[in-house]
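Trainee: I would like to learn how to read a model like this one. Can we take the features one at a time?

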Amino acid sequence: ADGCVVTPGFIDVHTHYDAQLHWEPTASPASWHGVTSVLAGNCGFTLAPAKPEDTGWLAQMLSRVEGMAAEALSTGLRWNGGSFGQFLHALDGRIAVNMGSYVGHSAIRRHVMGDAASERRATADEVVAMQGLVRQSMHEGAIGFSTSQLDIHVAHDGREVPSNHAAPEEIVALTAVLAEFDHGAVEIIPRSFVAGYDDADRALLRNIYRASGRPIELNTLVPMPHQMD
């Protein structure tokens with residue numbers, strides 16, 4: 001190792017390798033720089049759980065929001081829908097990095113509400129159904145639950161992504177499922193994070209913690225011109 005810097009493998013806690021790992025198992029370019037573990041499924045954008053008819057929609061949403069080439073996703077992605085556990089099983093033993101994934105709010109919403117997930121708030125019965133999917137996904141290997149409410153997150157169809165249409169009570173109810181487990185975390189980008197957390201988002205974060213009892217990962221930490229004073 002003369003002339004080299006010897007370090008432990010780095011953990012990249014915020015990635016969107018959900019699709020890429022299906023055709024490029026080394027998670028490049030992250031692995032070229034010493035990353036040996038990646039956490040996927042951030043921002044509420046996962047490809048599972050998904051009904052077969054929704055897989056294309058979820059992939060296109062990921063393509064639009066994360067600036068990925070739609071042609072690459074449609075060519076390389078081999079995912080025809082199923083449970084979160086089935087999604088993980090499709091990668092198990094076939095990738096060259098350690099990978100953990102949150103289950104994403106937008107996928108959960110789309111699974112339960114269909115196209116209405118991109119239009120309105122959920123009913124009480126729909127929230128209960130979504131809780132069931134979060135619970136199932138946690139049992140099947142999810143490392144937690146992710147969501148975001150940034151208004152710049154617009155899907156390929158011109159509408160804000162499904163998680164943006166959720167009421168605060170829905171988010172709290174879904175994260176409360178994690179209280180049933182001895183592991184897991186919540187990853188969230190609140191609506192006001194760019195301008196500085198407002199009172200509503202601060203209350204939301206407190207309520208998420210009270211309901212879930214789990215660590216909360218706040219994304220992302222970036223320098224903004226108006227915050228440099």
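Trainee: Which residue in β5 stands opposite valine 103?

Mentor: Phenylalanine 145 in β5 stands opposite valine 103. First, some ground rules. This is a predicted model, in which local features need pLDDT of at least 70 and side-chain atom pairs count only at pLDDT 80 or more, while totals for chains, interfaces and linings use all residues. Residues are numbered from 1 along each chain as its sequence is written, and side-chain values use heavy atoms, leaving out hydrogens and water.

Trainee: How many bridges join β4 to β5?

Mentor: Two strands pair if DSSP finds at least two bridges between them. Here 2 bridges join β4 (residues 103-104) to β5, and the strands run parallel. On to the next strand: β5 and β6 (residues 185-189) also run parallel, joined by 5 bridges, and serine 146 has glutamate 187 as its bridge partner in β6.

Trainee: What is the order of the strands in the open sheet?

Mentor: The open sheet has 4 strands in the order β4-β5-β6-β7, with parallel pairing. Its edge strands are β4 and β7 (216-218), each of which pairs on one side only. Between β6 and β7 there are 3 bridges, again in the parallel sense. Glutamate 187 stands opposite glutamate 217 in β7.

Trainee: Are the residues of β5 buried or exposed?

Mentor: A residue is buried under 20% relative accessible area, exposed over 50%, and partly exposed in between (1.4 Å probe, protein chains only). In β5 (residues 144-148), 5 of the 5 residues are buried. In a regular strand, side chains alternate between the two faces of the sheet. Gly144, Ser146 and Ser148 lie on one side of β5 and Phe145 and Thr147 on the other, and both faces are covered.

Trainee: Why is β6 described as largely enclosed by the rest of the structure?

Mentor: It is described that way because 5 of the 5 residues of β6 are buried. Ala185, Glu187 and Ile189 point one way from β6, and Val186 and Ile188 point the other way. From β6 the chain crosses through α7 to β7 in a right-handed β-α-β crossover.

Trainee: What does right-handed mean for a crossover?

Mentor: With the strands pointing away from the viewer, the path from the first strand over the helix to the second runs clockwise. A right-handed β-α-β unit is also made by β5, helix α6 (residues 168-176) and β6.

Trainee: How far apart are the end C-alpha atoms of helix α7?

Mentor: The expected span of a helix is 1.5 Å times one less than its number of residues. For the 14 residues of α7 (residues 199-212) that should be 20 Å, and the end C-alpha atoms are 20 Å apart, so the two agree.

Trainee: Which residues of α7 are buried?

Mentor: They are Asp201, Leu204, Leu205, Ile208 and Ser212. These residues cover an arc of only 95° around the axis, which puts them on the same side of α7; the arc is that of the directions from the helix axis to the C-beta atoms. The face turned away from the buried side carries the exposed residues Asp199 and Arg210. Just after α7, glycine 213 takes a positive phi of about 70°.

Trainee: What do the buried residues of α7 pack against?

Mentor: They pack against α6, β6 and β7. Contact here means heavy atoms within 4.5 Å. Serine 101 counts as buried because its relative accessibility is 1%. Beyond its neighbours within four places in sequence, serine 101 has contacts including Asp18, Thr46, Phe84 and Gly144.
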